[in-house]
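Student: I have a model open and want to go through its side chains. Can we start with the rings?

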Amino acid sequence: MMKIFLLLLLFSSIINCQDWASKSGGFLRMGISARSIAMGGGFTAELDKSFATFHNPAWAAFLVQRHIGTSYTNLSLDRRIAANSFAMSLPPTAGIGVAWVFAGVNNIQGRYSTGMKSSKMQTGENALMITFAQRIRPWLSIGANFKLLKYDLPMTDSDQISGSGIGFDIGLLIKTGKYNTFGLTIQDVNSRYQWDTNEVYAQGGPYKENFPILYRVGSRFFNKGLAIVGDLGIITNGSTFSGVIPRLGVEYGFLDQYFFRGGYGNDRFAFGAGYEYRLFKQKDSRIDYAFSMDWVAQTAHTVSYAFSF
């Protein structure tokens, strides 16, 4: 009975992922860092040093070091995602962060009305994220991401149309024990693009594209070098329920320096590895790699670097 339930849940998640992946803001739901992607992305309750506040902004209140991270993902069909992040504690009980995420497609062949080729163009989506978190109890914190959003679409060689907007993420984190953590997030509250197409279409005007809202609950367990992370997400389109997305991943640390990972989430299977080393101080640097593939054999390679000081 349990196997049947799990198979139905997996099949449902595949169908739902294919549907909601086409909604606005998809670049913020694909995963950012190599470590998180390799472990399925279920980091609602896990700290990602490469991108400390992306999965749950409440993590900023528990930071004890400054974290700098950068990541680059090369996808098929000339797509790419890049991200940079900085987060730190704000004594005695708070934390802050700032991050930038970019996604785009290049080598888009432009053509004139006659069908002849013009120059090549590219699209670009950007999100600037500002984070603040507060620790309410030694084991409990809340936080929020404030996001400035912009989407540029080329129209001709020299002209483009842009959509912009703002959005929020809300997170809660509970340290339930030495090896366990529980997290809850609401992603993309009020997130949207607003377009003004008056200059393009005769009957254009303001047009809004709302992002789907995600409610995620997750947990993390760690013991003797083995980390297990996972979360369950509920997708809504406004007030309409759209589906459920499970994510699960594992990581094993060898000699507390070499890490091997695997997971499933966001309609992708993934695996990867990481290496933690000394740059200036003990274990202050980490480089990670992830390979992921979805159900239609679209592949991606992600490389991330994290530095803590």
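Student: Is Phe146 buried, partly exposed or exposed?

Tutor: Phe146 has 29% relative accessibility, so it counts as partly exposed. Buried means under 20% relative accessible area, exposed means over 50%, and partly exposed lies in between (1.4 Å probe, protein chains only). This is a predicted model, where local features need pLDDT of at least 70, side-chain atom pairs count only at pLDDT 80 or more, and totals for chains, interfaces and linings use all residues. Residues are numbered from 1 along each chain as its sequence is written, and side-chain values use heavy atoms, with hydrogens and water left out.

Student: And Phe168?

Tutor: Phe168 is partly exposed, at 31% relative accessible area.

Student: How many aromatic pairs are there in the whole structure?

Tutor: A search of the whole structure gives 15. Rings of Phe, Tyr and Trp (its six-membered ring) pair if their centres lie within 6.5 Å; planes under 30 degrees apart count as stacked, over 60 as edge-to-face, and the rest as tilted. For Phe146 and Phe168, the ring centres are 5.5 Å apart and the planes are at 50°, so this pair is tilted.

Student: Where in the chain do Phe146 and Phe168 sit?

Tutor: Phe146 is in strand β5 and Phe168 in strand β6 (residues 160–175), 22 residues apart, and the pair links distant parts of the chain. Helices (H or I, at least four residues) and strands (E, at least two) are DSSP runs, numbered from the N terminus. The protein has two helices and 16 strands.

Student: Something else in β6: is Asp169 buried or exposed?

Tutor: Asp169, also found in strand β6, has a relative accessible area of 5%, so it is buried.

Student: What does its side chain pair with?

Tutor: The side chains of Asp169 and Lys147 are joined by a polar contact of 3.1 Å. A polar contact is a pair of N or O atoms within 3.5 Å; within protein, one must be able to donate a hydrogen and the other to accept it, and residues adjacent in sequence count only if both atoms are side-chain atoms. A polar atom of the Asp169 side chain also lies 2.8 Å from the backbone nitrogen of Asp188.

Student: Back to rings. Why is the Tyr193 and Phe211 pair called edge-to-face?

Tutor: Their planes are at 70°, with centres 5.1 Å apart, so the pair is edge-to-face. Tyr193 is in strand β8, while Phe211 is in the loop between β9 (206–210) and β10 (213–223). Tyr193 is buried at 1% relative accessible area, and Phe211 is buried at 3%. Ring pairs link Tyr193 and Phe211 with Tyr151 and Trp195 into a cluster.

Student: Which residues touch the most other members of the largest nonpolar core?

Tutor: Phe27, Leu28, Ile32, Phe51, Val101 and Tyr193, out of 20 residues in that core. A nonpolar core is a set of buried Ala, Val, Leu, Ile, Met, Phe, Trp, Tyr and Cys residues joined through side-chain atoms within 4.5 Å. The largest share, three residues, comes from β3.

Student: Which residues does Phe27 touch?

Tutor: Leaving out residues up to four places away in sequence, Phe27 touches Ile32, Ile81, Val101, Ala103, Glu125, Asn126, Ala127 and Tyr193. Contact means heavy atoms within 4.5 Å.

Student: Last one: what share of the residues is buried?

Tutor: Buried residues make up 47% of the 309 residues in the protein.
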